[in-house]
Amino acid sequence: QLCKFSILDKASELNFDFNAWWSGELLSLLQMNLTIDQPVPIRMLQARAVQILEVYSGTLKNEQDYTVAFVAASHLLAAPDLVVALCAARCVNHLALLHFKPTEVTPQLQKVRENSILPLGNAFALANRVVGQECLRTVLVLVSGLVEANGTCLEGNILNAIAEQLPPLWERAGDSVAIHSCLVSVLSHLIGKLGAIAIENVNVQKVLFPLIDYCTDINAGMLRADTLLEDGLRLWLVTLVTSRMATMGNYLSTMLPRLEAILKTGLEAHLSLKVLQLYAVLIGPTVLQPLIGTLQPLLMDCVSCILKEERDRQSNNNEEMSDTTSPNEENKDQEKSTKAGLMKDGVGALHFCSDILQLYPAVGSQVGQAAIITVLKAIITPKDSRADNLKENFPYTLVEA
């Protein structure tokens, strides 16, 4: 009954003392070492107990109970019954991040960090036991959560142990979007927390650069571009931010042709422009000059979507009143705007222009002049309904630049 109400998000409607039940019955059930030969009902009961712990763990009153719960669930990752083990994977991930705060180490988070070696080891062992992609995804989500919760505590031997497990997982990914996305998450947290130490690990490199290449391969079809391109670009950004050019410069430079291909499509422009901006900071203005012919129309397309948004809204309102536009024609108009039709692309383009103008005024003026003039004209046009929308999103550092 508790599980049913938890699934329906109605747990608060049940009036009972979880802490009393935890110490009186639930903990002993979680700490039972059941074998695969024992009756299914008792194993099923243990799996349900893990689910209940996941839902009600926030009500555990003291630090000691929280630690005991985390360790008990971590042991169950090695349970012979895969259902129990996978339920434990979800539970441990929840417990690891429940009290996670980027700017503060809470007592519960400290206990998670002190006891994370056990669940990390059991998680990778569980990954080797499961077969289905959804099961593997569940385990990788746990690994990602543990990496995020531990941060810089993973240096040294723990980093090496995690890195050794990544190449076999990469080989198992196949064409699974979910597995690739999970690997991106694991590496993003690992690199974001540990920086150059993680990137320069040989086993991390065996997965990192092939993974970025896979996720950003727009020639593989729109399905991959729609599902993995954003993840790949974000991982690329984290890699650039934390890399040392002295050691990683050659790797990063060989990726520039892929970036140019992405820029030409206009896909995820707000991210691809950020990646290019970081290259310009690391390498210099020479990285921008061959791309001027690509960047000028791209930036115009991006800022045009800001200008176009208000016009489209007004046009749609007029069409609804007159009811003269067929649904098919309306769909075609929406398809035409998908290339750079997101507000975030327009705002990203304006910030790109601002930053490049401040870094390299000569090249920045060449790249962004047409887009900047177009936007400024719209802002200063009197009685233009687009002005408020533009002013709200316009980076005024661009005017200074």
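Visitor: Which residues are linked with Lys 111 in a network of salt bridges?
Guide: Glu 63 and Glu 114 are linked with Lys 111 in that network. A salt bridge here is a side-chain nitrogen of Lys or Arg within 4 Å of a carboxyl oxygen of Asp or Glu. This is a predicted model, where local features need pLDDT of at least 70, side-chain atom pairs count only at pLDDT 80 or more, and totals for chains, interfaces and linings use all residues. Residues are numbered from 1 along each chain as its sequence is written, and side-chain values use heavy atoms, with hydrogens and water left out.

Visitor: How many salt bridges does that rule give?
Guide: The count comes to nine salt bridges.

Visitor: What does Arg 43 pair with in a salt bridge?
Guide: With Asp 81, at 2.7 Å from N to O. The two are 38 residues apart and link distant parts of the chain, with Arg 43 in helix 3 and Asp 81 in the loop between helix 4 (63-75) and helix 5. Helices are DSSP runs of H or I with at least four residues, strands are E runs of at least two, and both are numbered from the N terminus.

Visitor: Are Arg 43 and Asp 81 buried or exposed?
Guide: Both Arg 43 and Asp 81 are buried. Buried means under 20% relative accessible area, exposed means over 50%, and partly exposed is in between (1.4 Å probe, protein chains only).

Visitor: And Thr 35, what does that touch?
Guide: Leaving out residues up to four places away in sequence, Thr 35 touches Arg 43 and Pro 80. Contact means heavy atoms within 4.5 Å. Thr 35 sits in the loop between helix 2 (18-30) and helix 3. Thr 35 counts as partly exposed because its relative accessibility is 39%.

Visitor: Back to helix 3. At what angle does helix 3 cross helix 5?
Guide: The axes of helix 3 (residues 40-56) and helix 5 (residues 82-98) cross at roughly 10° and come within 9 Å. Axes are lines fitted to C-alpha atoms, for helices over the stretch in contact, and angles run from 0 to 180 degrees between N-to-C directions. Helix 3 and helix 5 are therefore roughly parallel to each other, a label for angles under 35 degrees, with over 145 roughly antiparallel, 65 to 115 roughly perpendicular and the rest oblique.

Visitor: Which residues make the contact?
Guide: From helix 3, Arg 43, Gln 46, Ala 47, Val 50, Gln 51, Leu 53 and Glu 54; from helix 5, Val 83, Val 84, Cys 87, Ala 88, Arg 90, Cys 91, His 94 and Leu 95.

Visitor: Where does the salt bridge partner of Arg 258 lie?
Guide: The partner is Asp 213, with the closest N and O atoms 3.1 Å apart. Asp 213 lies in helix 12 (residues 202-215) and Arg 258 in helix 15 (residues 256-265), so the pair ties together parts 45 residues apart in sequence. Arg 258 is partly exposed at 22% relative accessible area, and Asp 213 is partly exposed at 41%.

Visitor: What about Glu 134 and Arg 137, where do they lie?
Guide: Both are in helix 8 (residues 133-150), three residues apart, about one turn of the helix.

Visitor: Different topic. What is phi of Glu 268?
Guide: Phi of Glu 268 is near 45°, a positive value in a residue other than glycine. Glu 268 is in the loop between helix 15 and helix 16 (269-283).
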